[in-house]
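Here's a quick tour of the model, written for someone who likes cut-offs spelled out. Have the viewer open as you read.

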Amino acid sequence: MSLSNGRHTLAIPGPSVIPEAVLQAMHRPAPNIYTGALIDMTHSLVPDLKSIARTGHHVAMYIANGHGSWEAALSNTMSRGDKILVLATGRFCLGWGEIANRMGVETQILDFGRASDIDTDAMAEALKADKFHEIKAVLAVQVDTSTSVKNDVTALRKVLDDIGHPALLMIDSIACLGCDAFEMDAWGVDVMVTGCQKGLMTPPGMSFVFFNDKADAVRETANCVSHYWDWRPRMAPEMYFQYWDGTAPTHHLYGLRVALDMIIEEGLEAVWARHQTLAHGVWAACDAWGQGGPLAMNIKDPSKRSHAVTSIGIGAPYGTQLRTWLTQEAGVTLGIGLGMGTDEDPNSDGYFRIGHMGHVNAHMMLGTLGAIDAGLKALEIPHGPNAIEAASTVYAKRA
Ligand SMILES: *Cc1c(COP(=O)(O)O)cnc(C)c1O
């Protein structure tokens, strides 16, 4: 007998749960890609994507995952031999920097470890030392999905402005667009990359690069720009195929259209508020469990935690044991301890992550938390009581 039969829940931090309406929109015969409804529908995605990024500037759409958007952003802004500043707060910004390296860009890395946000004093020091403005871009992630830390993007802009440093501010919001608040123009972000499979609730396979005119001016001379990643034809295509440099991702587009409609109908700020409250419920449960055992959230300061994902330390081998038990016995899959291990063994058996991004609600979170509670009991992992009580109280009060 197993209690895992029934609808399986994927509670990992991406890809996220796909709404039925998105799946249904994708379930259709192949459309005409030369004329007709698909063309108008694709044009309609552009203003809606920009409204979710809170920008009046440009977007280029790609058939690619998040890694592709990283390369696209770099390709359009970098020349071989350029230097960039990488502000690492976990696995993801390091990964973005590694891609830059492979493209012939020199990276200066400030690594703030796996449990902290960016130290803006250290960032300021590095930029002040760069008297001849050799640093062409500052790379940071808004939310690092491995550590679940959230960086204050406005603070990064302020450092650049205070020093008067002209480097582009390039932000990875792949984990959190449509979950944590983000305002591209108001926050002074020059380039932002995101993917479709997290807050945007669409199966993996599309990603987006948002950029302003300052970044586009750099594109003029960037010599890393390649045919496929070039954002110019995609930002204002004269012919439909130029959006994609070839065949459109037809079914993804139908799915994405419905996902964006869902966000717009709920209201972007209501979507952010829902994620905030759902996250607070998860944190309340973790605090209760932690009262009587080893379980502890990776990021101590709640103001620095993402509303999209929570990374939790519990000690090896409990993290992996708990994940395995939940999948086999309760029908819930949790995220692995990505990037929290050693150089030789990068993922950790002592961590797990709960994704609470996109198409999630109170009942889904209570289900996941309840399953974790059962797993802690079944595996006899010491933990404090009343975690589910604590989470349901948060949801009852909409705290
Ligand atoms: C998921 C994620 C990525 C990578 O996206 P892929 O689609 O897996 O390539 C990059 N950065 C962050 C912050 C992410 O959460």
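## Ground rules

Two strands count as paired if DSSP finds at least two bridges between them. Helices (H or I, at least four residues) and strands (E, at least two) are DSSP runs, numbered from the N terminus.

This is a predicted model, so local features need pLDDT of at least 70 and side-chain atom pairs count only at pLDDT 80 or more, while totals for chains, interfaces and linings use all residues. Residues are numbered from 1 along each chain as its sequence is written, and side-chain values use heavy atoms, with hydrogens and water left out.

Let's start with an open sheet: five strands in the order 1-13-14-12-11, with mixed pairing. Strand 1 (9-11) and strand 11 (296-297) sit at the edges with a single partner strand each, so one side of each has no neighbour in the sheet.

Further in, strand 12 (residues 309-313) pairs with strand 14 (residues 348-355) in the antiparallel sense, over five bridges. If you want a landmark there, Ile312 stands opposite Phe352 in strand 14. Helix 11 (residues 318-330) lies across strand 13 (332-337) and strand 14, and runs at about 50° to strand 14. For that angle, axes are lines fitted to C-alpha atoms, for helices over the stretch in contact, and angles run from 0 to 180 degrees between N-to-C directions. Contact here means heavy atoms within 4.5 Å.

The chain splits into domain 1 (9-16 + 268-398) and domain 2 (31-264), with bounds that come from an automatic or database domain assignment. Their centres, taken over C-alpha atoms, are separated by 28 Å. The contact takes 28 residues from domain 1 and 31 residues from domain 2.

How much area do domain 1 and domain 2 bury between them? About 2,400 Å², with 59% of it on carbon and sulfur atoms; buried area is the accessible area (1.4 Å probe) that two parts lose on being put together, summed over both. Leu268, Trp272 and Lys304 supply 25% of what domain 1 buries against domain 2, more than any other three residues.

## Polar links

Between domain 1 and domain 2 there are 14 residue pairs in polar contact (both at pLDDT 80 or more). A polar contact is a pair of N or O atoms within 3.5 Å; within protein, one must be able to donate a hydrogen and the other to accept it, and residues adjacent in sequence count only if both atoms are side-chain atoms. On the side of domain 1 that touches domain 2, helix 10 (268-290) and strand 12 are the elements giving two or more residues, and helix 10 gives the most, with five residues.

The two domains also share two salt bridges, each being a side-chain nitrogen of Lys or Arg within 4 Å of a carboxyl oxygen of Asp or Glu. Keep an eye on Arg54: its side chain meets that of Glu269 in a salt bridge (3.0 Å, N to O). Arg54 also forms a salt bridge with Glu183, the closest N and O atoms being 3.1 Å apart. Arg54 is in the loop between helix 2 (37-53) and strand 2 (58-63), and Glu183 is in the loop between strand 8 (168-172) and strand 9 (191-195), so this pair ties together parts 129 residues apart in sequence.

Most residues other than glycine have a negative phi, and most peptide bonds are trans. A cis peptide bond joins Gly14 and Pro15, with omega about 0°; Pro15 is in the loop between strand 1 and helix 1 (20-26). The bond from Ala316 to Pro317 is cis too, with omega near 0°, and Pro317 is in the loop between strand 12 and helix 11.

Ser148 has a positive phi of about 65° although it is not a glycine.
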